[in-house]
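Here are my notes for anyone opening this one for the first time. Have a look at the picture, then read on.

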Amino acid sequence: MDRARRQWVTTLLPICLALAFSLTALGSSHWYEGTRKVAKPLCQDPPGDLPCVHFSRDSRRDSGSQAVQYIWETGDDKFIRGRFHVGPWQSCQDSLSSTGEECRSFQSIIPAKEQGVLWLSIGAEVLNILLMLTSAILLGSRITCHSSRVHWFKVDASVAILMVLAGLLGMVAHIMYTTIFQITVNLGPEDWRPQTWGYGWSYCLAWGSSALCMAVSVMAMSRYTAARLEFTEKQRIQKGSQHSQHNFQEPKASEGVWETEATPSPEGHDFMSLSEYLPPGAPVKVSMC
């Protein structure tokens with residue numbers, strides 16, 4: 001593999017990595033992770049393994065509505081901190097009744113006025129992925145195709161433009177989703193609002209993809225600049241060689257003309273040699289045409 005191909009491959013690999021990061025982040029639900037305060041359910045003794053509010057009945061009283069229930073948990077002891085994680089599509093939290101998770105659509109949690117902003121954010125993420133996919137196809141065609149009639153530095157310019165657009169779109173989409181999440185934390189349903197939250201691994205992948213897009217754009221633009229200068233230099237050298245060849249042919253043509261004009265001198269020499277065969281004193285006439 002030659003040096004130019006190795007450079008193209010080193011540019012294609014970050015594009016594929018950024019594309020994988022964006023696809024993984026968009027399809028996951030770990031953009032934000034944290035804990036939320038959940039009320040424990042009621043349970044009688046023995047409590048078992050499930051977290052719940054323990055209460056006991058007074059055996060000295062009759063069963064029924066007159067039974068007295070003693071609840072021993074007070075204050076924060078009546079709540080449990082349940083973990084949750086949320087993404088563009090759904091929000092999941094630990095289930096108190098089982099070991100699994102309970103998930104619901106994130107669209108059903110956010111305020112109604114923010115529904116359009118959420119879809120704009122998802123649309124920007126999808127367009128970001130399409131731009132990266134187009135760049136990967138263009139760069140892959142450059143690696144596999146060996147046609148010399150195509151100015152491949154134009155492909156580098158296209159890749160640079162597409163990748164910088166993908167990076168900017170990704171950043172805008174991430175900021176929009178962050179704004180929606182913070183609004184939902186303050187104005188969302190009471191049974192969903194988190195107590196503590198932080199960024200998850202999907203959020204890091206999304207921003208890593210945008211950073212790779214910008215880095216690939218810089219690499220492609222620098223390669224385009226170098227290829228453009230090299231192409232311009234080759235054109236200048238070719239024009240200079242053609243001009244020097246034209247100037248070299250003109251002296252040859254003029255030299256042929258001088259040789260043609262100098263041809264009468266041998267004929268004149270023949271006329272002079274004929275005078276040797278004439279008798280002495282005879283007049284000699286020479287006509288020049």
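The points below go from the overall layout to the cores and then to the charged pairs.

1. First, a caveat: what you're looking at is a predicted model. Keep that in mind for everything that follows.

2. The layout. There are five helices and eight strands here.

3. The protein has 289 residues, and 32% of them are buried. Its accessible surface is about 18,500 Å², with carbon and sulfur atoms accounting for 61% of that.

4. How far do the contacts reach along the chain? Take the contacts between residues at least 6 apart in sequence: 70% of these join residues at least 24 apart.

5. The largest nonpolar core. It contains 21 residues, and Ile-15, Met-132, Val-159, Met-163 and Cys-213 have the most contacts inside it. Helix 1 (3-27), helix 2 (115-144), helix 3 (153-187) and helix 4 (201-261) each bring at least two residues to this core. As a general matter, nonpolar side chains in soluble globular proteins tend to be buried together.

6. Which residues does Val-159 touch, once neighbours within four places in sequence are set aside? They are Ile-15, Ser-135, Leu-138, Leu-139 and Ala-220.

7. There's another core too, lying apart from the largest one. This one has 17 residues, including Val-86, Phe-106, Ile-122 and Ala-206.

8. Charged pairs. The structure holds two salt bridges. One joins Arg-104 to Asp-191, with the closest N and O atoms 3.8 Å apart. The partners sit 87 residues apart in the chain: Arg-104 belongs to strand 7 (residues 101-105), while Asp-191 is in the loop between helix 3 and strand 8 (196-199). Arg-104 is partly exposed, at 30% relative accessible area, and Asp-191 is also partly exposed, at 45%.

9. The other pair is Arg-193 with Glu-190, whose side chains meet at 3.2 Å, N to O. Is Glu-190 buried or exposed? Glu-190 is exposed, with a relative accessible area of 64%, whereas Arg-193 counts as partly exposed at 30%.

How values were computed: Residues are numbered from 1 along each chain as its sequence is written. This is a predicted model: local features need pLDDT of at least 70, side-chain atom pairs count only at pLDDT 80 or more; totals for chains, interfaces and linings use all residues. Side-chain values use heavy atoms; hydrogens and water are left out. A nonpolar core is a set of buried Ala, Val, Leu, Ile, Met, Phe, Trp, Tyr and Cys residues joined through side-chain atoms within 4.5 Å. Buried means under 20% relative accessible area, exposed over 50%, partly exposed in between (1.4 Å probe, protein chains only). Helices (H or I, at least four residues) and strands (E, at least two) are DSSP runs, numbered from the N terminus. Contact means heavy atoms within 4.5 Å. Accessible areas come from the Shrake-Rupley method with a 1.4 Å probe; for residues, only the protein chains shown count as cover. A salt bridge is a side-chain nitrogen of Lys or Arg within 4 Å of a carboxyl oxygen of Asp or Glu.
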